[in-house]
Amino acid sequence: MMKEKLVVVGNGMAGMRAVEELLKLDADKYEITVFGNEPHPNYNRIMLSPVLAGEKTIDDIILNSREWYDENGIKLVSGDAVSEIDRVKRKVITASGVEAGYDRLLLATGSNPFIIPVPGHDKQGVIGFRDIADVDAMLAAAKSYKSAVVIGGGLLGLEAANGLMKQGMDVTVVHLLDALMERQLDKPASALLKRSLEERGMKFLMQASTAEILGDGRVSGVKFTDGSQVDADLVVMAVGIRPNMALAQQAGLHCERGLVVNDTMQTFDPKIYAVGECVQHRGMCYGLVAPLFEQAKVVANHLAEMGIARYEGSVTSTKLKVTGIDLFSAGEFNEGEGDETLVLQDPAQGIYKKLVIRDNQVKGAVMYGDTMDGTWYFTLLREGTDISAFRSTILFGQHDLGDAGHGSGGTAGVMALPDSAEICGCNGVCKGDIVNAITKKGLFTLAEVQAHTKASSSCGSCTGLVESILASTVGEGYDKAPSKKGMCGCTEHSHDEVIAAIRDQELKTMDAVRDAMDWKTPDGCASCRPALNYYLLARWPEEYKDDAQSRFINERAHGNIQKDGTYSVVPRMFGGLCTAKDLRAIADVSDKYQVPEMKVTGGQRIDLFGVKKEDMPAMWKDLSEAGFVSGHAYGKALRTVKTCAGKTWCRFGTQNSTGLGVKLEELTWGSWMPHKFKMAVSGCPRNCAEATIKDFGVVCVDSGYELHVGGNGGIKVRVTDLLCKVETEEQVLEYSGAFCQLYREEAHYLERTAPWVERVGLNHIKDEILEDEAKRKALYERFKVSQQYAQIDPWKERADGAEANEFTPVVISA
Amino acid sequence: MSNWIEIVALADIPKLGSRVIKTDTMTIAVFRTARDEVFAVKDACPHKGGPLSQGIVHGTSVTCPLHNWKIDLASGQALGPDEGCTNTFATKVEGGKVFLALKADEAAA
């Protein structure tokens, strides 16, 4: 079969990103031809500033070499501009007369720098700042001339001015308004920036309107409308970009400010798609790279005829790539009426942070001097997180939430680390490995870095560091995760959407969910199947049949798989209590099955390591006969209720805490949860059972019981929030059951209570559990119903012969 | 040529699941997909030797339970950015029975 023909006009970042995304989805669908004006392969345009500043070379910023085009069977025509589109005959024609027919055409013609049409604008030495040729012209000028004027005090202008200054030129920045980077910064941050650039030797002419470029042949100066003038051997116009839509207009495609596309990135001609700076989508033209990459993903999806992706516009953030100046802005950073602002200012240290808050959500952020938490604020902004729980400390950064894993120093700090510094402790990945992978393999997203280096793919505590490295290595091209994350590669739908659909559309099988939610794979993947299985089980405990093949092996085998393929077995000891008879039974089992190692766990249980899978059912039979049930130490489930010595023995004890721990565990054991769930009961505020770092902790006091929620040890230690104080054991049981059920119904699969509480806010949990008695009782009731189906000991079932195939290898002689 | 050995009834391998086959010298994982295709690979992930038989099966691949490498069951190749390969063995299903072919060199290996 003949392949269809795809022609791409534009060899820039958006066009090539779209081709890369397309190759990922379907490498064989099209015969691809790419036309590029510039005589270079595809390069990272946003890194031109560091090239100009002498911090990188052109070779450093090449994204795809000519070999890449060959390897992927892509024909690259570079240095020959497409001059005409014949939509009737479906072909493009270049300036030199080369023709190429297409079945689908992708326009990614980018933008042109806007050159102010003042007299003299066409003199030699007047340029824009857009491509390698401009950078070459600036570098050449810096060798033979002294003074440069940059017109435009925006992001691009300041980067150009900084680069020229680094090349030894005397630079004056001319700006029409009274504040620099007014589209990204509020006035205080803008003033700090100006001061810091002046300290480096940059000069500014503010509120200056250019009237004329002076000189004969080559530029010699710039004259302003007030009559004043400055000398200049080089003038860089960086006053903005205009979508390059000449080709599209000539072909009769509907254009306004840019080439108009719909949510599928299609132009008014259904055979022709467009992405990048040349397009206008819902009235917006984008000049930053992150939105272009989102568009590329969408267009690739449609070119591959998968037909499900939509581009719905982007929220963008900005960083200035001037070494030594930390600046970040995102969203609506100038407050409107009714908005609140939080400001932290330390003029002596040159630090300024402002957050614009509306309805307890971050709407905008400006940061200067300390931008370490930019990524965090941006995530809060895009996800619309309720910040009321940590509003009082939000300006101090994510650290202040007890985030032990992220270290300190921000982007600048990370880049100051040596290449040998270990970034990911789980997978032993050093900074140098990450930087290498990013530059050599052309990575742009956190997911790509995770896939190629394994950094931040295990516990996730180094994610912030990896993102910082990514951000500073690729600059703005760093592709932040989109605001709405699909559960996994199989679907565009988020966890919340899937949970809601299962509930509202009464979806009761995995196939029903995948059909209703347009899954891309017939049977999901190792990431979404366990999640769907859990969501269905949690929502429909009476009807849904648990699917063993959608369980991670630990939950299928009811033991913890160890690195040598053996399992560990942990019998349940309610509240951590045991008798001599219990211990004897465990000792006997251990002897009988030659358990190589035993250990007392942090949750007050005994762990038997190194058990062969085929031995487990027999071992469980012995344990079951001695009165034990599964300890669920392997599951996303209620793990343990830890207790202290208690009132019977301890001279400080206030209530019967051990007995309460046993009752709590009897109520909750066996319940499946979004993630592991640990409880504890301490008999007095000395808190020997460490109840304040548990998912649900009880601290007994003389007058009753304090209930604490949302704590954990582990990677990010989080101390619990106090939910409330109650007076009776019955209340403790009811509130704990209601809390468990709320978590089971609302949290995302694999989200522990600590991040869940931070995401939804403690107030929400109080609303559901404390404010409304009927709601609490209903939650508790649903929990108890679910428990009728969950409290069937999986060990006894299997000891009695269930799932025998799982545990029985087939032995053959060969 | 290969000698077909009857190993197990198709019905005794769960859909999207596996069975462990032990020979004198090695362990083989036999998988059944949602569409009843059957594949056999050496039960060792090319990464750190994890038991692939214990992984989650999706499409025609399996995800290793130890570090989430994805292995293509037909070729034994690691998918995605990971690189590596595990041995594969021919299988066939006849009359509801699954047969496995061990090549002489691999059986002895």
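# Briefing on a predicted two-chain model

Chain A has a mean pLDDT of 90, with 96% of its residues at 70 or more. This is a predicted model, in which local features need pLDDT of at least 70 and side-chain atom pairs count only at pLDDT 80 or more, while totals for chains, interfaces and linings use all residues. Residues are numbered from 1 along each chain as its sequence is written, and chains are lettered from A in the order in which they are written.

**Chain A as a whole**

- Chain A holds 27 helices and 39 strands, where helices (H or I, at least four residues) and strands (E, at least two) are DSSP runs numbered from the N terminus.
- Of the 814 residues in chain A, 47% are buried; a residue is buried if 20 or more other C-beta atoms lie within 10 Å of its own, exposed if 12 or fewer, and partly exposed in between, with C-beta atoms placed from the backbone.
- When contacts in chain A between residues at least 6 apart in sequence are considered, 63% join residues at least 24 apart.

**Helix H1 and its surroundings**

- Helix H1 of chain A has 13 residues (13–25) and should span 18 Å at 1.5 Å a residue, which agrees with the 18 Å between its end C-alpha atoms, because the expected span is 1.5 Å times one less than the number of residues.
- The buried residues of H1(A) include Met13(A), Met16(A), Arg17(A), Val19(A), Glu20(A) and Leu22(A).
- Among the elements that cover these buried residues are strand E1 (4–9), strand E2 (30–36), strand E9 (104–107) and helix H9 (289–303) of chain A.

**Leu247 of chain A**

- Leu247(A) is found in helix H8 (residues 246–250) of chain A, and this residue is buried because 20 other C-beta atoms lie within 10 Å.
- Not counting residues up to four places away in sequence, Leu247(A) touches Val9(A), Val82(A), Ile85(A) and Thr109(A).
- The C-alpha atoms of Leu247(A) and Leu107(A) are separated by 9.1 Å, although the two residues stand 140 residues apart along the chain.

**A five-stranded sheet in chain A**

- An open sheet of five strands runs in the order E34-E35-E36-E37-E38 (chain A) with mixed pairing, two strands being paired if DSSP finds at least two bridges between them.
- Strand E34 (638–643) and strand E38 (721–726) of chain A stand at the edges with a single partner strand each, so one side of each is left without a neighbour in the sheet.
- Strand E35 (residues 677–682) and strand E36 (residues 696–701) of chain A pair in the parallel sense over four bridges, and Ser682(A) stands opposite Val699(A) in E36(A).

**Where chains A and B meet**

- The contact takes 30 residues from chain B and 23 residues from chain A.
- On the side of chain B that touches chain A, strand E1 (3–9), strand E2 (17–22) and strand E5 (56–58) of chain B each give two or more residues, and E2(B) gives the most, with five residues.
- Strand E39 (residues 810–811) of chain A pairs with E2(B) in the parallel sense over two bridges, and Val810(A) stands opposite Ile21(B) in E2(B).

Technical notes
Contact = placed C-beta atoms within 7 Å. pLDDT = per-residue confidence, 0-100.
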